[in-house]
Amino acid sequence: MTHLDLSGRTALVTGGAQGLGEGMAHALAAAGARVVIADLQDDLGEKAADALPGEGHGFVHHDVTDDASWANVTTACASDFGGLDIVVNNAGIEITSLLVDLDPDQVRRQLEVNLLGTSLGIKHAFRTMRPEGAAGKGGCVINVASVAATIAFPGIGVYSATKSGVDRLTRVAAMEAGKLGYGVRVNCIYPGLVPTAMGAGLANDVASIGLFGSPEEAVGAVIELTPSGRLGEVSDMADAVVFLASDAARFVNGVGLPVDGGMGM
């Protein structure tokens, strides 16, 4: 489908060394985009970039919580990788805890990575993509929220709050970009539970703090809440990102797209 062809575009994917981010990077590359993977994990990031289909991809060491790191990675995209048309703010962390047992340092860490990291990603995407920016052709930003932003699942209160914040950031960013003539669409997706390392860790954690009898019971509870009757797959999320990045979504702006099998409806 020609509307899903991303040839000639450069995409930046944070947290792209593994999990959902790696799958998103692969799908964007398969659709024709030149992909830059940005991550703290150098070895995994280099391997993930080398494994992408097509040519011209790369890896840049990147800390999403650091403003200077964002300036560096977006400059690198514009100068070394042909521009910047797509930014996927995927990097995130989840630390399971009952609210009664919160560790302030763990709260701050989730706020920094999930909320500050996404905010800085929007900032530097706008600065690079707007007409006077180093890339200057507009584009799109896709933020990765979570079904946790739309449901009340126990044990992930702070994570849920950060992902709700990502949703609000997305909508305000879309409005600002439109009002200021940046030519940048901003959307987010709400992934359901996917059995990546993070997803498996969540199942183990909610069992270990006594919310479920076992990780398998926790997974079963999620499936029970999901009309589609299964967990999500990396490809489900990756395909949604390709759609939002493509011309097929050219009039889709300021929305959150659930990719959760109906769990959050």
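The model is predicted. It contains 1 cavity of 30 Å³ or more. The largest pocket has a volume of about 920 Å³, and the largest nonpolar core comprises 33 residues.

**Cavity**

- The volume of the largest cavity is about 40 Å³.
- Its lining is formed by Ile-95, Ser-97, Leu-102, Asp-103, Gln-106, Val-107, Gln-110 and Val-158.
- Helix H4 (residues 104–129) provides the largest share of that lining, 3 residues.
- By class, the lining of the largest cavity consists of 4 nonpolar, 3 polar and 1 charged residues.

**Largest pocket**

- The largest pocket, of about 920 Å³, is lined by 44 residues, of which Gly-92, Ile-93, Glu-94, Tyr-159 and Met-198 are the closest to its centre.
- Two or more lining residues come from each of H1, S2, H4, helix H5 (157–179), helix H6 (197–208) and helix H7 (215–224).
- H6 contributes the most to the lining of the largest pocket, with 6 residues.
- The lining of the largest pocket divides by class into 26 nonpolar, 13 polar and 5 charged residues.

**Second largest pocket**

- The second largest pocket holds about 270 Å³ of space.
- Among its 18 lining residues, Lys-137, Gly-138, Gly-139, Cys-140 and Gly-183 lie nearest its centre.
- S5, H5 and S6 each give at least two residues to this lining.
- The lining of the second largest pocket has 5 nonpolar, 7 polar and 6 charged residues.

**Nonpolar cores**

- Within the largest nonpolar core, of 33 residues, those with the most contacts are Met-24, Leu-28, Val-35 and Ile-189.
- Strand S1 (10–14), H1, strand S2 (34–39), helix H2 (42–50), S4, S5 and H8 each give two or more residues to this core.
- H8 supplies the largest share of this core, 7 residues.
- Apart from this core lies another, of 26 residues, including Val-73, Phe-81, Val-87 and Leu-120.
- Leaving aside residues up to four places away in sequence, Ile-189 touches several residues, among them Met-24, Met-237, Ala-240, Val-241 and Leu-244.

**Helix H8**

- Helix H8 (residues 234–245) has 12 residues, so at 1.5 Å a residue it should span 16 Å; its end C-alpha atoms are 17 Å apart, which agrees.
- Met-237, Ala-238, Ala-240, Val-241, Val-242, Leu-244 and Ala-245 are the buried residues of H8.
- The cover over these buried residues includes helix H1 (19–30), strand S4 (86–89), strand S5 (139–144), strand S6 (184–191) and strand S7 (256–259).

Definitions and conventions. Residues are numbered from 1 along each chain as its sequence is written. This is a predicted model: local features need pLDDT of at least 70, side-chain atom pairs count only at pLDDT 80 or more; totals for chains, interfaces and linings use all residues. Side-chain values use heavy atoms; hydrogens and water are left out. On a 1 Å grid over the protein atoms alone, a cavity is a set of points where a 1.4 Å probe fits but cannot get out, and a pocket is an open set with protein on both sides within 12 Å along at least five of seven lines; lining residues have an atom within 4 Å of a point. Grid points are joined across faces, edges and corners, and a volume is the space filled by probe spheres set on the points. Helices (H or I, at least four residues) and strands (E, at least two) are DSSP runs, numbered from the N terminus. Ala, Val, Leu, Ile, Met, Phe, Trp, Tyr, Cys and Pro count as nonpolar, Asp, Glu, Lys and Arg as charged, and the others, Gly among them, as polar. The expected span of a helix is 1.5 Å times one less than its number of residues. Buried means under 20% relative accessible area, exposed over 50%, partly exposed in between (1.4 Å probe, protein chains only). Contact means heavy atoms within 4.5 Å. A nonpolar core is a set of buried Ala, Val, Leu, Ile, Met, Phe, Trp, Tyr and Cys residues joined through side-chain atoms within 4.5 Å.
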